[in-house]
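Got a minute to go through some packing labels and where they come from? Here's the model to look at.

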Amino acid sequence: MYPASFKQLQALVLVARHQSVSRAAEAMHVTQPAVSLHLKLLEEAAGVPLTRRQGRSIQLTAAGELLVSYAERILGLWEEAGDEIAALKGVTSGTLRIGAVMTAEHLLPPMLVRFTTGRPHVRIKLQVGSRPEVIGMLSRDEIDLAIMGTPPREFPTVATRFARHPMAFFVPPAHALLRKKTVTLADILDANLLVRERGSGTRAAIERVYEDEGVALAIGSELSSNEAIKQMTAAGLGIAFLSVHACTLEVRNRLLSVLAVAGIQVQGEWHVMHKQARAMPTVAASFHEFIVEHGQQVISDELESYEMPVARSRKLCDY
């Protein structure tokens, strides 16, 4: 292929993202004819069509899909090079590309706020998904760091534990079980236990709790998000089992209450990780250092209003 310019690669990436030449032009702050020219020159360099019109939108051809993935990597490397040059000048800058499992979506914002305070040149790109989705993003180099409980087994990573966090049962404040002196796992059997889908860390944790106690797990409803579970629980439709920090706002606003279950206290572990085969950009390395040093304190600060009943500590880390 003939050489292509960064502007041509950027035009292809933005057209792919917006499926529109006009919206790509707005994002690049150029005219529509300029974007069309960039695409035309890039197609001439590639020797094959890269886009096709489908109705009112622009779609990529198979060659366009292939080339856009390389274009994103090339542009990303160029941006990373600029960040590294800035780092040589003593400035922490660039885009922190980080992914987190859904259970951690309430955990990261306070940490990101503290990290970016005093670092005005750092931009955040946070992607939240299921464990398989986050593992996929890390494997494809779409993110530099991942936050989850257990490192993936699909490829080598460098993982560091930065915090422990409690998990608990939750009910609405007027639930009858809150008036019971001692609550056991058996008491929850007929109370419509709301759980996450198979494959999620929260689901693995609750299954492990019941298995270790030798009690049959009776699932009432299975949902794919923490938010749905919290809303159904607050509405009085069942009992939830979730990470405590995921329910901070609901407990503070008295929409949910922690239900103490005799003999059960689950402590999960959080790890921050990156691909072993890929060096971390400077901004990612800075956040890695920050979260390892301050992560536990941030979680403790967020949960300081809780008085968790402690009976016995159990560590679960498949999140």
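Axes here are lines fitted to C-alpha atoms, for helices over the stretch in contact, and angles run from 0 to 180 degrees between N-to-C directions. Helices (H or I, at least four residues) and strands (E, at least two) are DSSP runs, numbered from the N terminus. Keep in mind that this is a predicted model: local features need pLDDT of at least 70, side-chain atom pairs count only at pLDDT 80 or more, and totals for chains, interfaces and linings use all residues. Residues are numbered from 1 along each chain as its sequence is written, and side-chain values use heavy atoms, with hydrogens and water left out.

Q: Why are α2 and α3 called roughly perpendicular to each other?
A: The axes of α2 and helix α3 (residues 32–46) are 8 Å apart, at an angle of about 105°. Angles under 35 degrees count as roughly parallel, over 145 as roughly antiparallel, 65 to 115 as roughly perpendicular and the rest as oblique. The α2/α3 pair is therefore roughly perpendicular.

Q: Which residues of α2 and α3 meet?
A: From α2 there are V21, S22, A24, A25 and M28, and from α3 Q32, V35, S36 and H38 (contact means heavy atoms within 4.5 Å). By class that contact has five nonpolar, four polar and no charged residues. Ala, Val, Leu, Ile, Met, Phe, Trp, Tyr, Cys and Pro count as nonpolar, Asp, Glu, Lys and Arg as charged, and the others, Gly among them, as polar.

Q: What makes α1 oblique to α2?
A: Helix α1 (residues 6–18) and helix α2 (residues 21–28) have axes that come within 8 Å and cross at roughly 125°. That angle makes the pair oblique. In α1, K7, Q10, A11, L14, V15 and H18 meet V21, R23, A24, A27 and M28 of α2. Sorted by class, the α1/α2 contact has seven nonpolar, two polar and two charged residues.

Q: How do you know whether A24 is buried or exposed?
A: Buried means under 20% relative accessible area, exposed over 50%, partly exposed in between (1.4 Å probe, protein chains only). A24 has 0%, so A24 is buried. This α2 residue touches L14, V15, H18 and V35, not counting residues up to four places away in sequence.

Q: Which residues of helix α6 (residues 131–139) are buried?
A: They're R131, V134, I135, G136, M137 and L138. The buried residues of α6 pack against β3 (94–101), β4 (122–129), β5 (145–148), β6 (157–171) and β11 (266–275).
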